[in-house]
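Here's a quick walk through the fold, meant to be read with the model open beside it. Grab your viewer and follow along.

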Amino acid sequence: MAQVTDVIGVNSILPDGKHILMWDFDDAPLPYVESALETAIAYYMLPNIYILNTGKPNHYIAYCFKRHEWRHAFGIVASTPFVDWNFIKYAAVRGHFTLRVSPKNGKKIRLVKVLKGITKEDACVDELRSWVNYETLPRDEHKKALRIIITRS
């Protein structure tokens, strides 16, 4: 048995079927995250990007309130250096991005930086209507669960 944590997340899909951009960076120092996202702003002519710390050092998420068709949004996020590949994998399978918004194991999410964009936002938080409750394992629990599976094989 592994301990799980209930969390709340938000999906990227908007009422018109388009998506906002969301990124998840694990084990990436803030200057790397900033540089990767500043490059995305310049290359894709994006509005502001909001960078938040998820409660652990070098763990960040980011939001950009610009509407995109799913394939384009996925391409932008997947091509961003240092993005967590599990985040990309699950987004590809689900057809949308999902980021946690509630605390996990007592660690709260907090805004750390707003990167100045080139264009104006054309979406807002109020349009995000797809919220999910889900269970997640603490990172160490993932390793423990995998060890149990391997030793039973």
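Let's start with Thr54: buried or exposed? Thr54 is buried, because its relative accessible area is 11% and the cut-off for buried is under 20%. Keep in mind as you look around that this is a predicted model.

**Thr54 and its loop**

- Thr54 sits in the loop that links S3 and S4.
- S3 and S4 make a hairpin, with five residues between the two strands.
- Gly55 is in the turn of that hairpin and has a positive phi of about 110°.

**Strand S3 and its partners**

- S3 covers residues 49-53, and four of its five residues are buried, so the rest of the structure largely encloses this strand.
- On the S4 side (residues 59-68), S3 pairs in the antiparallel sense over five bridges. Look for Asn53 here: its bridge partner in S4 is Tyr60.
- S3 also runs antiparallel to S6 (residues 110-115), joined to it by five bridges. Leu52 has Leu111 as its bridge partner in S6.
- A handy thing to remember when you browse these strands: in a regular strand, side chains alternate between the two faces of the sheet.

**The four-stranded sheet**

- Which order do the strands take? Reading across, this open sheet of four strands goes S2-S4-S3-S6, with antiparallel pairing.
- S2 and S6 are the edge strands, each pairing on one side only.
- From one strand to the next, the twist averages 25°.
- S2 and S4 pair in the antiparallel sense over seven bridges. His19 stands opposite His68 in S4.

**Helix H2 and Trp70**

- H2 lies across S2 and S4, at about 25° to S2.
- Trp70 belongs to helix H2.
- Trp70 and Leu21 are 49 residues apart in sequence, yet their C-alpha atoms are 9.5 Å apart in space.
- Leaving aside neighbours within four places in sequence, Trp70 is in contact with Ser12, His19, Ala91, Gly95, His96 and Phe97.

**Helix H3**

- Which residues of H3 (residues 85-94) are buried? They are Phe87, Ile88 and Ala91.
- Seen down the H3 axis, those buried residues fall within an arc of 100°, so they line one face of the helix.
- Turn to the face of H3 that points away from the buried side and you'll find the exposed residues Trp85 and Val93.
- The cover over the buried residues of H3 includes strand S2 (19-26), helix H2 (70-78) and strand S5 (98-100).
- Ala91, one of the buried residues of H3, is also among the contacts of Trp70.
- Gly95 follows H3, and its phi is positive, near 85°.

**Asn11, a buried polar residue**

- Asn11 is found in strand S1, which spans residues 5-11.
- Why does Asn11 count as buried? Its relative accessibility is 4%, and the cut-off is under 20%.
- The Asn11 side chain makes a polar contact with the side chain of Thr98 (2.5 Å), and another with the side chain of His96 (3.3 Å).
- Leaving aside neighbours within four places in sequence, Asn11 is in contact with Met22, His96, Phe97, Thr98, Leu128, Ser130 and Val132.
- His96 and Phe97 come up in the contacts of Asn11, and also in those of Trp70.

**The whole protein**

- How many helices and strands does the protein have? There are four helices and seven strands.
- Along the sequence, they come in the pattern β-β-α-β-β-α-α-β-β-β-α.
- Of the 153 residues in the protein, 40% are buried.
- Taking contacts with a separation of 6 or more, 77% are between residues 24 or more positions apart.
- The protein exposes about 9,000 Å², with 55% of that supplied by carbon and sulfur atoms.

How values were computed:
Residues are numbered from 1 along each chain as its sequence is written. This is a predicted model: local features need pLDDT of at least 70, side-chain atom pairs count only at pLDDT 80 or more; totals for chains, interfaces and linings use all residues. Side-chain values use heavy atoms; hydrogens and water are left out. Buried means under 20% relative accessible area, exposed over 50%, partly exposed in between (1.4 Å probe, protein chains only). Contact means heavy atoms within 4.5 Å. Accessible areas come from the Shrake-Rupley method with a 1.4 Å probe; for residues, only the protein chains shown count as cover. A polar contact is a pair of N or O atoms within 3.5 Å; within protein, one must be able to donate a hydrogen and the other to accept it, and residues adjacent in sequence count only if both atoms are side-chain atoms. The arc is that of the directions from the helix axis to the C-beta atoms. Two strands pair if DSSP finds at least two bridges between them. Axes are lines fitted to C-alpha atoms, for helices over the stretch in contact, and angles run from 0 to 180 degrees between N-to-C directions.
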